[in-house]
Amino acid sequence: MAKSSFYFPVLVFFILGNFGFVLPTAIADLTSPYLSPNTIFPEYQKMLHTFRIFICSPQNTKNSISYNTPAESLFHASLVNSPFVTLYPEKAHLFFVLFPSDFSARSISRFVRDLRFELPYWNRTLGADHFYMSCAGLSYESDRNLVELKKNSVQISCFPTPHGKFIPHKDITLPPLNLNSSLPSLPRSPVNKTDTFLGYFRSYGDREESQSSLVNELSGDPDFVIGSNASDRLTHMARLASSKFCLFFYAVDVSGIEDALRFGCVPVVITDGPIQDLPFLDVLRWSEMAVFVGTGGGGRELKHVLRRTCKDGSYDRMRGLGMKASQHWVWNESPQPYDAFHMVLYQLWSRRHVIRYARRELV
């Protein structure tokens, strides 16, 4: 049976659940990209002045922490050199369970076991006021230490996270850091942007993606422009500037979403299932900044959805909100206000209120 096409611009809101974030029944401020525009700025300022993190690191890895991705490495470097780190665990709001990417499940389990016996902080919440970083996410294990780490602690993983390794409402993802981006100093889109194409798809060379029936169908449509990752900077910049929408296959390569947002090319995320791991999902109004569409209807249905978005007056608002939110996707070697590093910390700050688990619940 063929997959049915679907269009779910509000689907991402359904998975926020009950994690201390109130979803309003009506959006009062249509000019803000934030779910809680009256809360984020005062809370952000409070975070800057009071948030403290204690780093728990295995003794044999203190000077040899390595990660598989640039985003992980930059987050770690930015944190350890920031004023958010404290040397006094009793003053910490959260605890960073620090281990390198090549740590085995057995090594992680031993590390958590050591934390349990050497410090009093793990046992008081069973790890709920701790967080760790794993690009691919941790799998579910039977080991008690790993179970508590996976189920209770906040996981910071890469976007997109492999299926089954992300727990909504609790875990968060890092915005991609694309070191090969051809637009390191790309300016914001001009207000009087002129659109020539309905959609722009930039293939990153993934075999499954580049040979998909949808891409093949769009390649012959004059309303769409299909490019490759090898395109030069000016060509890519011109295509961003001349397209209303930028297309991305979820779970393939989404590192270009930041470029699209910044240049006013509304992201279209192509996926046949709900997305639970969007960066800043509990901060930004993603359903008002991006289009989410399935593959079942092919190019015809995709064009219908995009043209309908343009006709119902949503496009200009989505484009404007995306441009405002694009600053949160930017990584800087020296962190800047409201950039990716600070907004990841803001999500951690929002999770500092933890549940105290009763010891009798332990098995």
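Q: Which residue in E7 is the bridge partner of Ser203?
A: Strands of a sheet pair through backbone hydrogen bonds, either parallel or antiparallel. In this predicted model, Ser203 has Ser228 of E7 as its bridge partner. Strands (E) are DSSP runs of at least two residues, and helices (H or I) of at least four, numbered from the N terminus. Two strands pair if DSSP finds at least two bridges between them; E6 (residues 197-203) and E7 share five, in the parallel sense. Residues are numbered from 1 along each chain as its sequence is written. Local features need pLDDT of at least 70, side-chain atom pairs count only at pLDDT 80 or more, totals for chains, interfaces and linings use all residues, and side-chain values use heavy atoms, without hydrogens and water.

Q: What is the order of the strands in the open sheet of five?
A: The order is E7-E6-E8-E9-E10, with parallel pairing. E7 (224-228) and E10 (291-293) are the edge strands, each with a single partner, so one side of each has no neighbour in the sheet.

Q: Which residues touch the most other members of the largest nonpolar core?
A: In soluble globular proteins, nonpolar side chains tend to be buried together. A nonpolar core joins buried (under 20% relative accessible area, 1.4 Å probe, protein chains only) Ala, Val, Leu, Ile, Met, Phe, Trp, Tyr and Cys residues through side-chain atoms within 4.5 Å. Here the largest core has 59 residues, and Phe75, Trp286, Leu345 and Leu348 touch the most other members. Helix H13 (residues 340-350) gives the most to this core, eight residues.

Conventions. Buried < 20%, exposed > 50% of the residue type's maximum accessible area, 1.4 Å probe, protein only.
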